[in-house]
Amino acid sequence: MTKNIMIVGVGGQGTLLTSRILGGITLAAGYDVKLSEVHGMAQRGGSVVTFVRYGEKVAEPIVEQGQADVLIAFETLEALRYAHFLKKDGVLIINDQRIEPITVVTGAAQYPENIIENLEQEHTVYKINAMEEAKKLGNSKAFNIIVLGMAAKHMDFSKEAWLTVIEKTVPQKTVEINQRAFLIGFES
């Protein structure tokens, strides 16, 4: 059976590193894995979407609407934007952070209110203010790994396997901070 994971955020939030860690853990477990990345003006804070599909045999990398087992959202509006990709029994992991898109900044649009509360009416939602937790840890860049740690509880791999793949994937000088960040999310 194929598992479908989506990672959504805005440029600079670490969606690509997170997808590499996910790809690494699925390969280490012996699964066939396909990754696909969609960049929309990523360097300007635009939407970034990554699909990770793994299983015994995976034909294509794209996750269809209504098929994601886990949706990892690094920003609340991105969670709202892509929630329709979740399966009925899928889980939504949200970093409770607001990054206003250019249309909101310029006054052309308004940022929706009560996004998480509205999503909780239709989906199983787990939320964390990972940026706040990462700042307590001493490295705000590690927030994405905190969110991944929370999402990891809804996947098929041991905590030890995750920590090993993080060690092999992130830059050597950041291994300890990223492993600590992962544990914050995993244990929350």
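Predicted model: local features only at pLDDT ≥ 70, side-chain atom pairs only at ≥ 80, totals over all residues.
Local features are reported where pLDDT is at least 70, side-chain atom pairs count only at pLDDT 80 or more, and totals for chains, interfaces and linings use all residues. Residues are numbered from 1 along each chain as its sequence is written, and side-chain values use heavy atoms, with hydrogens and water left out.

Leu22 illustrates the packing: not counting residues up to four places away in sequence, Leu22 touches Ile5, Ile7, Val52, Ile72, Leu148, Met155 and Trp162, where contact means heavy atoms within 4.5 Å.

Aromatic rings are a further feature, and the structure holds 9 aromatic pairs. Rings of Phe, Tyr and Trp (its six-membered ring) pair if their centres lie within 6.5 Å, with planes under 30 degrees apart counted as stacked, over 60 as edge-to-face and the rest as tilted. Tyr54 and Phe157 form a tilted pair, at 5.5 Å centre to centre and 45° between the planes. Because Tyr54 belongs to strand E3 (residues 47-55) and Phe157 to the loop between H6 and helix H7 (159-169), this pair ties together parts that are 103 residues apart in sequence. Both residues are buried. Ring pairs also link Tyr54 and Phe157 with Tyr31, Trp162, Phe182 and Phe186 into a cluster.

The largest pocket has a volume of about 300 Å³. On a 1 Å grid over the protein atoms alone, a pocket is an open set of points where a 1.4 Å probe fits, with protein on both sides within 12 Å along at least five of seven lines, and lining residues have an atom within 4 Å of a point. The volume is the space filled by probe spheres set on the points, which are joined across faces, edges and corners. Of the 17 lining residues, Leu17, Lys141, Ala142, Asn144 and Asn178 are the closest to the pocket centre. H6 (143-152) and helix H8 (175-186) each supply at least two residues of the lining, and H6 gives the most, with 3.

Leu35, in strand E2 (residues 32-39), is partly exposed at 35% relative accessible area. Its C-alpha atom is separated by 7.9 Å from that of Ile62, 27 residues away along the chain. Ile99, in the loop between strand E5 (86-95) and H3, is partly exposed at 29%, and touches Val10, Gln13, Glu75 and Tyr111, leaving aside residues up to four places away in sequence. Asn114, in the loop between helix H3 (102-105) and helix H4 (115-120), has a positive phi of about 55° although it is not a glycine. Most residues other than glycine have a negative phi.

Note on methods
Helix = DSSP H or I, 4+ residues; strand = E, 2+ residues; numbered from the N terminus. Buried < 20%, exposed > 50% of the residue type's maximum accessible area, 1.4 Å probe, protein only.
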